[in-house]
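Okay, thanks for coming, everyone. Let me put the model up and walk you through a few spots in it.

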Amino acid sequence: FVAHPILTPAEYRNSKPNILLFVIDALRADNLEFTGFRFPTSPNIDKIAEDSIIFQKAFVNANWTKPSMLSMFYSEYASNLGIGNIGFDISPNQKKIFYAHGRKNLVNKLRDNSYYTASIMNNVFLLDYTGVGVDIGFHELIQIGKDIDDTKKIADETIDFLNRNKQFPFFLHVNFNTPHGSYAPPARILKELQQETDPAIWNKENPILRRYYAEIRYADEELGRIIKDLKTRNLYDETTIVVTADHGELFSDHHTSEANGIYGVKYGHGMTHFEEEIRVPYIIKPAKSLKSKIIHTKFETQVSLLSLTPTLLGLSNIHYDKKDFKGIDYSRAMFGETFAKEDSIFT
């Protein structure tokens, strides 16, 4: 008991679908094959998309990682959480305001309903002790250091987590740092991408962008390894899987004259609100037990990632007070009910 064991009622054993949330850093919505992209970047994500609810016009609520991630988990604008959108550090006074609110978020709502919650990532913004992040309440945090092998290590840690957590429902947040700059994919991935791409398309593309596409392919490969492990353990069917991103990426020099990202004006994020920077993929593969209830699988109207938390709670049949979250619960619409539309999205 000194070690704070997690006590879970026996009746919750395998009684709820697991939730696996993949957030792929700096992944543009238009650079995946299932959205019509002509480079073979995403064979594994495409397979998940075949079984998924697709949000075709999804937008994040901030153009860089820290405020975007907080908006997702809290279904609230980061600027309303006491955490400034501008600036890397989080001051002691901002933390005081943030923790004083006692706000509900996706993690603590799932904890309250007997989910074991964990995050495996290379993301300092969800770590209080870094001076730039905050603790949002995971039972377990696994932070991979910023090195060139982080994507594989995150996948390895995820597979280890799946091996350790077999008995009770879990919520696992996996945050791949690729294809975030510096666009340095393994050489073999770049070669595979070239071999499988039409030479006429490959030869016309900027070499830096080819490396970005190869990093997507690398993240997709490691995501596929996790999916394969889920299937081996017979966990895939009863796991709700979300694939999304915290923001996109700019590749054009006509958007801004400011220094933008590590490559200067053409490449990066955090400076503008053009669509390339705030539109992201957003797909939800529901657990098999939910599939018979789902009627509406394609959303063509615009949605924001404020919807992530209420939608996952709705799919998990977890009651929440609507005043706690700003986003829309799209699970109601998936089940065929009428739903509100987001005519305006604030980023």
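Serine 75 sits in the loop between helix H2 (65-74) and helix H3 (92-101); helices here are DSSP runs of H or I with at least four residues, strands are runs of E with at least two, and both are numbered from the N terminus. Its phi is near 50 degrees, a positive value in a residue other than glycine. Most residues other than glycine have a negative phi, and most peptide bonds are trans. Serine 75 is also buried, at a relative accessible area of 0%. On that scale buried means under 20% relative accessible area, exposed means over 50%, and partly exposed is in between, using a 1.4 Å probe and protein chains only.

Quick housekeeping: this is a predicted model, so local features need pLDDT of at least 70 and side-chain atom pairs count only at pLDDT 80 or more, while totals for chains, interfaces and linings use all residues. Residues are numbered from 1 along each chain as its sequence is written, and side-chain values use heavy atoms, with hydrogens and water left out.

Is asparagine 234 buried or exposed? Exposed, at 69% relative accessibility. Then there's a cis peptide bond between threonine 178 and proline 179, with omega about 15 degrees. Proline 179 is in the loop between strand S5 (170-176) and helix H6 (187-195).

Now some helix packing. The axes of H1 (residues 43-50) and H8 (residues 207-232) come within 7 Å and cross at roughly 50 degrees; axes are lines fitted to C-alpha atoms, for helices over the stretch in contact, and angles run from 0 to 180 degrees between N-to-C directions. That makes H1 oblique to H8, given that under 35 degrees is roughly parallel, over 145 roughly antiparallel, 65 to 115 roughly perpendicular and the rest oblique. On the H1 side, Pro43, Asn44, Ile45 and Ile48 meet residues of H8 including Leu223 and Ile227, where contact means heavy atoms within 4.5 Å.

Leucine 223 is buried, at 0% relative accessibility. Beyond its neighbours within four places in sequence, leucine 223 touches Phe22, Ile24, Ile45, Ile48, Phe176 and Val243.

On to charges. How many salt bridges does a search of the whole structure find? The count is 21, a salt bridge being a side-chain nitrogen of Lys or Arg within 4 Å of a carboxyl oxygen of Asp or Glu. Aspartate 51 and lysine 291 make one, at 3.9 Å, N to O. That pair links distant parts of the chain, 240 residues apart. Aspartate 128 and lysine 95 form another, with the closest N and O atoms 3.2 Å apart. Lysine 95 is buried, at 14%, whereas aspartate 128 is partly exposed, at 28%.

Salt bridges with shared partners join Arg188, Glu192, Glu196, Arg217 and Glu221 into one network.

Last one: lysine 109, in helix H4 (residues 106-112). Lysine 109 is buried but has no salt bridge. Which side chain of opposite charge is nearest? Aspartate 112, 5.5 Å away, with Lys and Arg counted as positive, Asp and Glu as negative, and His and the chain ends not counted.
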